[in-house]
Amino acid sequence: MPSEFPIPLPNLPLPDAVPLSWYLILSAILFTLGVAGFLFRRNIITVFMSIELMLNAVNLSFVAFSYHLKSVDGHIFSFFVMVIAAAEAAVGLAIILTVFRNRQTLEIDEVSSLKL
Amino acid sequence: MDALLFLTFAAIAVGCAINLVLQTHPIASALSLVGVMGSLAVLYLLLGGEFIAAVQMIVYAGAIMVLFVFVIMLLNAAAEKKTRKPALRAVVAVPLLFTFLMLVAYLIQTQAPKGTGVKFGGFTGGGPADIGRSLFTTYILPFEVTSVVILIAILGAVVLARKEV
């Protein structure tokens, strides 16, 4: 613990440097929560946001491994993931708008057939 | 100090993610997702990714989430109704997801590279100059392909949002 920190910190048994596995396990937890939201929620917009949560979790893994390998490649990959997520959000939300206009509902259980 | 910052923002991220899954109203879920993205941006900074942290805040927490909130408000989305059916998928999926998480955590603990402690300032190659150099030399072809993908996405969004589809 640096002594110049203004607030006196409690003397917790924390490691001096965060192990890489902590970042990866946080990523796994966020990904699992995203899958859970994807499976349990019935609002189509919330399902879509769960997908974004999964993409974010994977990005954290990319950046953590990039630190481990001391290389910028993981950052480039997570940058591409962000760009594709932006494109996906634009198209996906347009699809949601169209679905809502044709069926007046956002519940995915009521949008189970392709034809009206 | 590093561990304290990591634990704080990891707890915020996990708490917001749990809130995202548990809330029934989409606008509450959207705000929780903004919380997850903000705390992940802090973790990117701790990992030395200044550019990625800035892009995370501007593109993800800014642009994409504004799009989400805009659509939620436009469609006047209400809270989910309580389901009548017994939630069979919860009975099946929760143990499966828990098993998946424990398996992944075990694999990470046993297989992840030991000896790498993440300290702030341990990796300084994630600034805009380094990203730009890599993007326009090694990754020039994926970069150009991405621009085509975005063009197609724009066209698709315009076609889908027309009145008569």
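Reply: Start with a definition: angles under 35 degrees count as roughly parallel, over 145 as roughly antiparallel, 65 to 115 as roughly perpendicular and the rest as oblique. This is a predicted model, where local features need pLDDT of at least 70, side-chain atom pairs count only at pLDDT 80 or more, and totals for chains, interfaces and linings use all residues. Residues are numbered from 1 along each chain as its sequence is written, chains are lettered from A and ligands numbered from 1 in the order written, and side-chain values use heavy atoms, without hydrogens and water.

Me: Are H2(A) and H2(B) roughly parallel or antiparallel to each other?

Reply: Helices here are DSSP runs (H or I, at least four residues), numbered from the N terminus. Axes are lines fitted to C-alpha atoms over the stretch in contact, with angles from 0 to 180 degrees between N-to-C directions. The axes of H2(A), residues 44-69, and H2(B) come within 10 Å and cross at roughly 5°. The two helices are therefore roughly parallel.

Me: Is the crossing of H1(A) and H4(B) left-handed or right-handed?

Reply: A crossing is left-handed if the near helix is turned anticlockwise from the far one by less than a right angle, and right-handed if clockwise. For H1(A) and H4(B), the crossing is right-handed.
Among the residues that meet there are A:Phe31 in H1(A) and B:Phe100 in H4(B). To restate the hand: right-handed.

Me: Which hand does the crossing of H1(B) and H2(B) have?

Reply: H1(B), residues 2-22, and H2(B), residues 26-46, have axes that come within 8 Å and cross at roughly 160°. They are therefore roughly antiparallel. The crossing is left-handed.

Me: About how much area do chain A and chain B bury between them?

Reply: Buried area is the accessible area (1.4 Å probe) that two parts lose on being put together, summed over both. Contact (heavy atoms within 4.5 Å) takes 79 residues from chain A and 86 from chain B. Of the buried area, 77% is on carbon and sulfur atoms, and the total is about 7500 Å².

Me: What is the count of salt bridges between chain A and chain B?

Reply: A salt bridge is a side-chain nitrogen of Lys or Arg within 4 Å of a carboxyl oxygen of Asp or Glu. Between chain A and chain B the count is zero.
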